[in-house]
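The structure is shown first, and the description follows.

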Amino acid sequence: MNESPRPRFDADLIEKYGGEGPRYTSYPTAVQFSDTFSAEQWKDALDDSNRLPIPADLSLYVHVPFCSSPCFYCGCNRVITRSKTAAQEFLVHLEKELDLAAPHFDRDRKVRQVHLGGGTPTFLETAQIGQLMRLLRSRFSFAADAEIGLEVDPRSVTPADIRELKGIGFNRISIGIQDLDPEVQKAVNRIHDAALVASIIGAARAVRSWQAPGRDPRCRVRRPDPTEHEPAGRGTTPHRQNLEPRLWIEPRRKRWSRKSARSFPTLASS
Ligand code: SF4
């Protein structure tokens with residue numbers, strides 16, 4: 001009788017990576033920030049990037065830090081507020097920062113990717129998101145096929161907002177759904193019912209062509225495969241909640257599959 005191979009543990013490796021690490025969501029990670037790197041050095045670095053033989057295209061990330069309520073698992077850099085004036089002040093400061101940074105990039109360098117993250121980008125009214133995009137577009141040259149995406153909290157948008165976001169130019173959205181089990185939602189202080197999620201996904205599906213030309217979709221919402229087992233754990237899959245059409249929210253750990261995502265717009269749960 002064959003014995004199962006015994007697991008091998010590398011004590012040195014466990015020792016090396018056994019501690020806390022920086023969150024992968026921030027880059028450069030927090031431990032890379034240092035007071036010894038001055039504003040002048042930063043500007044020099046931006047200017048130097050234009051002098052490369054072939055200056056690189058650009059990706060822009062805007063962190064919108066506001067959230068209406070705290071999710072208890074959250075480790076993001078966020079500000080909990082319900083003040084809408086905070087959003088307008090944020091845009092004023094963002095414009096100032098853009099005025100400082102944008103002139104350091106040659107205008108013939110194309111923006112290939114934009115991402116609004118948070119926080120909750122959809123804390124901003126759709127009109128304010130439109131204003132934000134105009135600030136960016138007026139200072140940078142966008143590639144015609146730029147991927148323009150944002151994170152969407154289903155609690156803070158309506159189907160009409162989704163259509164407006166498409167009109168503003170977004171071609172990728174990431175819908176933040178942690179769990180559909182009401183008990184789990186209550187425990188993590190992030191409550192949205194399946195019908196709400198379905199209405200947002202339905203609106204996104206109705207607005208086709210999310211996928212930026214020439215780019216692979218990164219899709220975490222897909223049709224259930226009848227041969228596939230339920231993910232381990234509680235009954236949190238949407239189709240158990242009578243969410244129609246039958247959708248299966250792919251757990252974070254699973255890799256996206258091109259085959260399974262073929263018939264869906266570019267949606268990604270964050
Ligand atoms: S919405 Fe996102 S950033 Fe805001 S508290 Fe929840 S997890 Fe954190």
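## Helix packing and ligand shell

In this predicted model, helix α4 meets helix α5 through Thr126, Ile129, Gly130 and Met133 on the α4 side and Asp161, Glu164, Leu165 and Ile168 on the α5 side. The residues of this contact comprise 4 nonpolar, 2 polar and 2 charged. The axes of α4 and α5 lie 10 Å apart at an angle of about 15°. Because angles under 35 degrees count as roughly parallel, α4 is roughly parallel to α5. Their crossing is right-handed.

Helix α4 (residues 126–137) also packs against helix α3 (residues 84–101), where the axes come within 10 Å and cross at roughly 5°. It follows that α3 is roughly parallel to α4. From α3, the contact uses Ala87, Leu91, Leu94, Glu95 and Leu98, and from α4 it uses Gln128, Gln131, Leu132 and Leu135. Sorted by class, the residues between α3 and α4 are 6 nonpolar, 2 polar and 1 charged.

On α5 (residues 159–168), another contact involves helix α7 (residues 194–206), with an angle of about 30° and axes 8 Å apart. This angle makes α5 roughly parallel to α7. The crossing of α5 past α7 is right-handed. Pro159, Ile162 and Arg163 of α5 are in contact with Ser199, Ile200, Ala203 and Ala204 of α7.

| Helix pair | Angle | Axes |
|---|---|---|
| α3 and α4 | roughly 5° | within 10 Å |
| α4 and α5 | about 15° | 10 Å apart |
| α5 and α7 | about 30° | 8 Å apart |

Which residues surround the ligand? The shell consists of Cys67, Pro70, Cys71, Cys74, Cys76, Arg78, Gly118, Gly119, Thr120 and Asp153. By class, these shell residues are 5 nonpolar, 3 polar and 2 charged.

The mean pLDDT of the chain is 79, and 72% of the residues score at least 70. Where is confidence lowest, and where is it highest? The lowest mean, 35, belongs to strand β9 (residues 267–268), and the highest, 98, to α4. For residues 212–270 the pLDDT is below 50, and this stretch has 96 contacts in the model beyond near neighbours in sequence.

Note on methods
Residues are numbered from 1 along each chain as its sequence is written. This is a predicted model: local features need pLDDT of at least 70, side-chain atom pairs count only at pLDDT 80 or more; totals for chains, interfaces and linings use all residues. A residue is near a molecule or strand if its C-beta atom, placed from the backbone, lies within 6 Å of it. Ala, Val, Leu, Ile, Met, Phe, Trp, Tyr, Cys and Pro count as nonpolar, Asp, Glu, Lys and Arg as charged, and the others, Gly among them, as polar. Axes are lines fitted to C-alpha atoms, for helices over the stretch in contact, and angles run from 0 to 180 degrees between N-to-C directions. Helices (H or I, at least four residues) and strands (E, at least two) are DSSP runs, numbered from the N terminus. Angles under 35 degrees count as roughly parallel, over 145 as roughly antiparallel, 65 to 115 as roughly perpendicular and the rest as oblique. A crossing is left-handed if the near helix is turned anticlockwise from the far one by less than a right angle, and right-handed if clockwise. Two residues are in contact if their C-beta atoms, placed from the backbone, lie within 7 Å. pLDDT is the predictor's confidence in each residue, from 0 to 100.
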